[in-house]
Every structure is written in structure tokens, then in C-alpha cells.
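Please look at the structure first.

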Amino acid sequence: MKRRAFLLGAASGIGASVLRAAENKPDSPPAPQTPPAPGAGALQITPTPATPRIPLKLALSTYSYWHFKGEKPTVEWSIEQAAQLGCHGIDVLHRQMAIAELGRLDAAAHAYCQKLKRHALRCGVDLACLSVLQDFVSPNPAERYKWIAHTEKCIELAYALGIPCIRISSGRWKTIPDFETFMKARGIEPVLPGYTEEDGFKWCIESIHECAALAEQRGVVLALENHWGLSGTPEGQLRIIDAVNSPWVGALMDTGNFMENPYDKLVQIAPKTVFVQAKSYAGGGEFYTLELDYKRIAKILRDANYTGYVSLEMEGREPAETAVPKGLAEIRAGFEA
């Protein structure tokens, strides 16, 4: 009863205040105020500041320390290097992990993933991307299924690691078996006799489409790289992505994989780009060297509203101990200019 009496009394007080205000209200509105003359005393409108530039999210590829040559550095050690060099993330090359490349994930592989997650957390480095190789360009359904199963395994691996993105490739015809000879041919090779480019695109699109279903379930984006073969041109790369037509499939931009007129081609794929691998060639490249203008590349990505990671892939012959810091400095200078 006391509480009800208090509330009623308070309501009565509010009502009385409203009535008193109404009784004291003047019959006519106040005379309008004369606006201030232009100049002193006028309202000054401050222009809206430009949108602040989003800071560079710099990552480091474990490939930068290996190049498939010599002793394979551990992923743990590469994470520590990334932390020491001030990188925000690490791009893990699947072949550098201490697990079997093909085959099913077992309990030991899952335990290894948990250790990597803990190590990355303690080092303050994000596990940003898992870079995987596969080849869907084959007339043999069993061969294609092998690579579909491999990709699905890697999606599960990324899911176990908490990695939001994996790099995938389309594959190539393999009519030039030796890779160095293939690179001397500028990544262009004849179609397998008895087949057409249309066959290759059909196989690749169907295979990636099948993988995209699991990618969606696990929340892992498939980033198709402009990496030789069918996806070695902007037209081929975008044709596959558009045909798969999934929000879980985007483009991976490798800045060093378009050997002629690179900037025009990078502009084409930038709107679909979900991850960037940035090449650097200190000491000359393993296969070739490009003079890349990272200030220009940064503008291409900004114009496409790209705000994701930029991961260094140092592919020069200079020892990584000195070449990796040079590559990171090159990227920072371009993106922060």
C-alpha cells in the first residue's frame, strides 16, 4: 500500500507540474529571432573529415622460408618469426605442416592443430590462411575425386585450426610435366589431346562446387588463386568463381602470377579478392623476377574496398633471414604511402 501511495503521489505531482506549465504558457509565440549577419557569429560548418585509411593487416607465408628446397622449417618456428617481425597473421603452407599431406585426419593430426592454435595465440599471431595445392583438370573421375577429398580434408583442417580461408588452385593440363620448362613457357601449355578447354573448366567448376558445400558448413572461404592453369588469367579465374556462384568461393590475388600487364589484370580480380599473397624477389626470383609497384597495388585494392590480409610470399634467392624483412618493408612502404 505504501508503494502504491508513493506512485500515485508521484504521478499527481507530475500532472500538477504539467498543468502549471500550461497555465503559464504565453498566448502567442515569441517573436522570431533575427539571424546573425554573415561573418562573425554565424554558424561555422566543419567539413566532414576523409574516411581514415584502414591499417595494413600484414601476414607472412611460411613458404617464404622454404620454397620446397632444403630442410623444411616448422610452422611453429615460422609463427615465431612472424611475431618477431611485427606481422599480424601467418599464412600456412599445408605441405609444411607436420602431418601427412594426403589421407584422412586422425587424432594425432587434431592434437597437432590444437598445439598450433595455442602457439599462435601465445605469439599474438592470427592463423589467417591455409595454402593448399590441388589439381581438378583431369579426364579421370577418380583423379578428380582424389583432389576433392583432399580439399575437403583441408577444409576440416582449417576448421580445426580456426582458419577462415584456404587457398585453392584449379590445376593444369600437365602436358609439360617439368615445372621449370613449364615456367619457361610462361605458364602456357597445350590442352591434353582429345579434350578442350571447355572440358577442363567443366571438371574444375563441378569439383569446386562440390567442395563449396562443405566449406559453407564449416565457415571456411575457398580462395581460388590466379595460379597457372585454368585460373592463370583473370578471365579463367573469374569464370570459375562466377560459375560456382557461392558466397564461400572468392579470389586469391597473387601479385606475382600475372607476368604481362599485371596491374590491369589485378584490377579485374580485385572486386572478388578475399586474400592477397604479395610476392617479393630479393636476390632475384627462383623462376623469374617482377618489379612490382606496391603503392599502385595498394590503390587497386583500396579502390575495390579490400580490407583483408596481405601476406608476403618471399620468392627471392637471397637468404630468408635478410630477404623476408626486406619484403615486408617493401609491402609496408607501398601500402602505408
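Two residues are in contact when heavy atoms lie within 4.5 Å. The model is predicted.

## A buried glutamate

Glu-225 lies in strand S5. Is Glu-225 buried or exposed? Its relative accessible area is 1%, under the 20% limit, so Glu-225 is buried.

What does the side chain of Glu-225 make a polar contact with? The partner is the side chain of Arg-167, at 3.4 Å. Setting aside residues up to four places away in sequence, Glu-225 touches Arg-167, Ile-168, Ser-231, Gln-237, Leu-252, Asp-254, Asn-257 and Gln-277.

## Helix H7

H7 spans residues 234-244. Its buried residues are Pro-234, Gly-236, Gln-237, Leu-238, Ile-240, Ile-241 and Val-244. They pack against H6, strand S5 (221-225), strand S6 (249-254) and helix H8 (262-269). Gln-237, buried in H7, is also among the residues that Glu-225 touches. After H7 comes Asn-245, with a positive phi near 55°.

## Helix H2

The buried residues of H2 are Val-75, Ser-78, Ile-79, Gln-81 and Ala-82. Seen down the helix axis, they fall within an arc of 160°, so they line one face of H2. The background is simple geometry. An α-helix has 3.6 residues a turn, so residues three or four places apart point the same way.

The buried residues of H2 pack against S1, strand S2 (89-93), helix H3 (107-123) and strand S3 (126-131). Gly-86 follows H2, and its phi is positive, near 80°.

## Aromatic pairs

How many aromatic pairs does the structure hold? There are 10. In one of them, the ring centres of Tyr-65 and Trp-77 are 4.9 Å apart. Their planes meet at 80°, over the 60-degree limit, so the pair is edge-to-face. Tyr-65 sits in the loop between strand S1 (57-61) and helix H2 (75-84), while Trp-77 is in H2, so the pair ties together parts 12 residues apart in sequence. Tyr-65 is buried, at 14% relative accessible area. Trp-77 is partly exposed, at 36%.

Trp-173 and Trp-203 form another edge-to-face pair, with centres 5.9 Å apart and planes at 65°. This pair links distant parts of the chain, 30 residues apart. Trp-173 is in the loop between strand S4 (165-168) and helix H5 (179-184), and Trp-203 is in helix H6 (residues 197-218). Trp-173 is buried at 6% relative accessibility, and Trp-203 is buried at 8%. Elsewhere, ring pairs join Tyr-63, Trp-66 and Phe-68 into a cluster.

## Charges over rings

Two arginines sit over phenylalanine rings. The charged end of Arg-172 is 4.0 Å from the centre of the Phe-182 ring. Arg-239 lies over the face of Phe-201, 4.2 Å from the ring centre.

## Nonpolar cores

The largest nonpolar core has 87 residues. Which of them touch the most other members? They are Met-97, Leu-130, Ile-166, Ile-208 and Leu-222. H6 supplies the largest share of this core, nine residues.

Beyond its neighbours within four places in sequence, Ile-208 contacts Phe-136, Ile-168, Leu-222, Leu-224, Ile-240, Val-244 and Val-249. Of these contacts, Ile-240 and Val-244 are buried residues of H7. A second, separate core has eight residues, including Ala-59, Ala-128, Phe-275 and Tyr-309.

Technical notes
Residues are numbered from 1 along each chain as its sequence is written. This is a predicted model: local features need pLDDT of at least 70, side-chain atom pairs count only at pLDDT 80 or more; totals for chains, interfaces and linings use all residues. Side-chain values use heavy atoms; hydrogens and water are left out. Rings of Phe, Tyr and Trp (its six-membered ring) pair if their centres lie within 6.5 Å; planes under 30 degrees apart count as stacked, over 60 as edge-to-face and the rest as tilted. Helices (H or I, at least four residues) and strands (E, at least two) are DSSP runs, numbered from the N terminus. Buried means under 20% relative accessible area, exposed over 50%, partly exposed in between (1.4 Å probe, protein chains only). A charge sits over a ring if NZ of Lys or CZ of Arg is within 6 Å of the ring centre and within 35 degrees of the ring normal. A polar contact is a pair of N or O atoms within 3.5 Å; within protein, one must be able to donate a hydrogen and the other to accept it, and residues adjacent in sequence count only if both atoms are side-chain atoms. The arc is that of the directions from the helix axis to the C-beta atoms. A nonpolar core is a set of buried Ala, Val, Leu, Ile, Met, Phe, Trp, Tyr and Cys residues joined through side-chain atoms within 4.5 Å.
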